[in-house]
Amino acid sequence: MVNSKKIKSLFDNSKLDLNLSLSSEYPVWFQDFKQKSLDRFKEHNIPSVTDNEWKYTKIDSLLELLFNREVLNRIDPKELPDKNIVSDKDAICIHFHNGQYFASSDLPNHIKIFSKTHDKDIFKNLFKSDINPQRSFLSDMNSIIFSDTLLIKTLQNQKVDTEIHIINHSHYDSIIAPRVHIHVAENSSLKIFEHVKSSTQSVISHLMTIFCEADSNLEFYKLIEQQKDTHFLSTQTAQMAENSKVNCFSWDFGAKTSTTNTLAELDGKKSEFHYSALFTPSHDHHSGNQLRVEHNANKTKSRIKIRGVLNDQSKGVFFGKIKVNEDVLGTSAFMENKNLLISDDATISTQPILEIYNDDTECSHSATSGSIDEEKLFYIQSRGIPEIAAKQYLIGSFIKELINEITSIKIKTLLQNNFQYIDNQS
Amino acid sequence: MSIEDKIILKIRDLSVSTDGNQILNGLNLTVKKGETHAIMGPNGSGKSTLAKTVAGHPDYLITSGKIKFLNKDLSSMSVNERSNLGLFLGFQYPIEIPGLSNTAFLKAAINAQRKFYDLEDISAHDFLLQLKSTADQLGLDQSFLSRGVNEGFSGGEKKRNEIMQMLMLNPKLSILDETDSGLDIDSMKVVARGVNSSRSEDSSTIIITHYERLLNYLVPDYVHVFFDGKIIKTGNLELANELEKKGYEWLIQKK
């Protein structure tokens, strides 16, 4: 039987206390926004096993857990991460701790922060207009919980060379909700790196929206590094105008639950969306990627490459859907999911879907899953290299193609440090 | 030096099965330091099985008998330990590993060997010098070094690459499994020169081949004929020449 239970049914008996973020410290328009989000959130259905996207993720038990945690958007000075990492000469660094802004380099005009201590009114229009095109339970969930927000908005024709580093750090057995809005104005460009880290059993509801105006360019890198008992629910949307281009790379190390839900809408002709994601869960972690790409204009292009390396008893989920709408000509779309299971107990569910309503389309998809190639392993070992290192080389070789596409040397170095056997010579 | 010290490889009564099929049936073979042995024989006679068993391929199960390499029992040794001790297998079908460069792979292999002997990692300078001169010796273009291991290499290039690995690792015993198959005459000369340059009083070579041509360049001390998982005849280069003319039928019938 189809489960059409509404979130409301879980919510009314919960301990979730939203008073903190609805307090009088915030302007009336903000409280209105929160209230509307809450009303909408309660009306969403709880995703069930009949819902393809959520089939392999136990989202109902996660929601129950969520409603029995305390919302704690506050900074504990004792738990603050090392401030040294704030100073990076080559990048603008912005730190959030438990969902609250706490430190940054000097901020240029294109970066704004909404928090208790910052000017709130510049955000009035942002929250008034509908910035959540997806309007999923995930984005509404973030809206009811979040306290601080980061807005990165360029001017027209502004090419920003300095990378922006966002560090989202959490350190409590609580719910936190980081929120980032990116607006790349006409003929401008940005490079952003976001690092999401948690140290304890947090539930993190993460939201990011990207809006790219005509002829704009965004490079986005994301590293999701959670503690094993963290639950991480991320939703990200990209709306793209004519001739705009988004290049996105994300690496998820997995968590108790880690799931990233992405929607890309290619609304302007010749817009391009490139998305590469790597997930490497271990232990009993869950790592999921749900992705939808909608081709809504002529001559748009999407390239999706998802790679999973799964260890121990971990579980990976990929759901990807490319939709080419009627009346849309000259679409080029490619979606690939490859998985390497390095333990007998790891599992992967992969579901790439194409939904095409126009013949003038060049579109392909593929999905593969396999374990380490024994002949390759034997070959490497036969040259004197121990088994553990040989396996690492093969994993490195499996993810190399994605790493090669990263243009930021800083990010590349960071990844190479994490995976010592990624060979940087080929 | 005792006789035992002169022996590099000693195989006694070796029986091996793979996938439930018995391939080697009581094989005996002794290789001394400085010797070159050739192994010939019809398809399916167990030549490659011997090579893979000695190198420690997990699919090959020793059901009876013993293999001693440098007077050490190989059966309890991992694949990499065998290599570190000085054993080299030149693959019949070298494996492609995209994403791992030849250079990085060779450096890791050399350093693994050095670690085994408690030596420090090779310096970048020494490594590159050695790599460049070995590649030149084998007529391998520098661009091969930065490409993925065997990735997109032609058959001949893959075999030259095997010989390059052999020369860089400087093994005590090399087993070359059909290194000559798929090589044109010029490539074969290059490979033969490479193998000859590695020969010394202390190292030995086993060449598995179907043709006398490579053997004419290498001149083995012994030529063994495999059939049904064991050696049915041993001779010298003349035996290889005879086999080239007459095939294996006469030997098998005689048996």
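Modeller: Let's begin with a term we will need: a salt bridge is a side-chain nitrogen of Lys or Arg within 4 Å of a carboxyl oxygen of Asp or Glu. Please keep in mind that this is a predicted model.

The part to look at is the meeting of two helices in chain A. Helix H2 of chain A covers residues 28–43, and helix H5 of chain A covers residues 137–145. Their axes come within 8 Å and cross at roughly 140 degrees. Angles over 145 degrees count as roughly antiparallel, and H2(A) and H5(A) are therefore oblique to each other. Their crossing is left-handed.

Now find the residues that touch. On the H2(A) side they are Phe33(A), Lys34(A), Ser37(A), Leu38(A), Arg40(A) and Phe41(A). From H5(A) come Phe137(A), Asp140(A), Met141(A), Ser143(A), Ile144(A) and Ile145(A).

Over all chains, the structure holds 13 salt bridges.

For a comparison, turn to chain B. There, helix H4 (residues 102–116) packs with helix H7 (residues 155–169) at an angle of about 30 degrees, and their axes are 10 Å apart. The crossing of H4(B) and H7(B) is right-handed. Among the residues that meet are Phe105(B), Leu106(B) and Ile110(B) from H4(B), with Met164(B) and Met168(B) from H7(B). The contact of H4(B) with H7(B) divides into seven nonpolar, four polar and no charged residues.

Finally, step back to see how the two chains meet. In chain B, 34 residues are in contact with 19 residues of chain A. About 2,200 Å² of area is buried between the chains, and carbon and sulfur atoms give 65% of that area. Across this interface there is one salt bridge. A salt bridge also joins the side chains of Arg383(A) and Glu162(B), at 2.7 Å from N to O.

Terms used. Residues numbered from 1 in each chain as written. Chains lettered and ligands numbered in written order. Predicted model: local features only at pLDDT ≥ 70, side-chain atom pairs only at ≥ 80, totals over all residues. Heavy atoms only, no water. Axes fitted to C-alpha atoms, helices over the stretch in contact; angles between N-to-C directions. Helix = DSSP H or I, 4+ residues; strand = E, 2+ residues; numbered from the N terminus. Parallel < 35°, antiparallel > 145°, perpendicular 65-115°, else oblique. Left-handed = near helix turned anticlockwise from the far one by under 90°. Contact = heavy atoms within 4.5 Å. Buried area = accessible area lost by both parts, 1.4 Å probe. Nonpolar A, V, L, I, M, F, W, Y, C, P; charged D, E, K, R; others polar.
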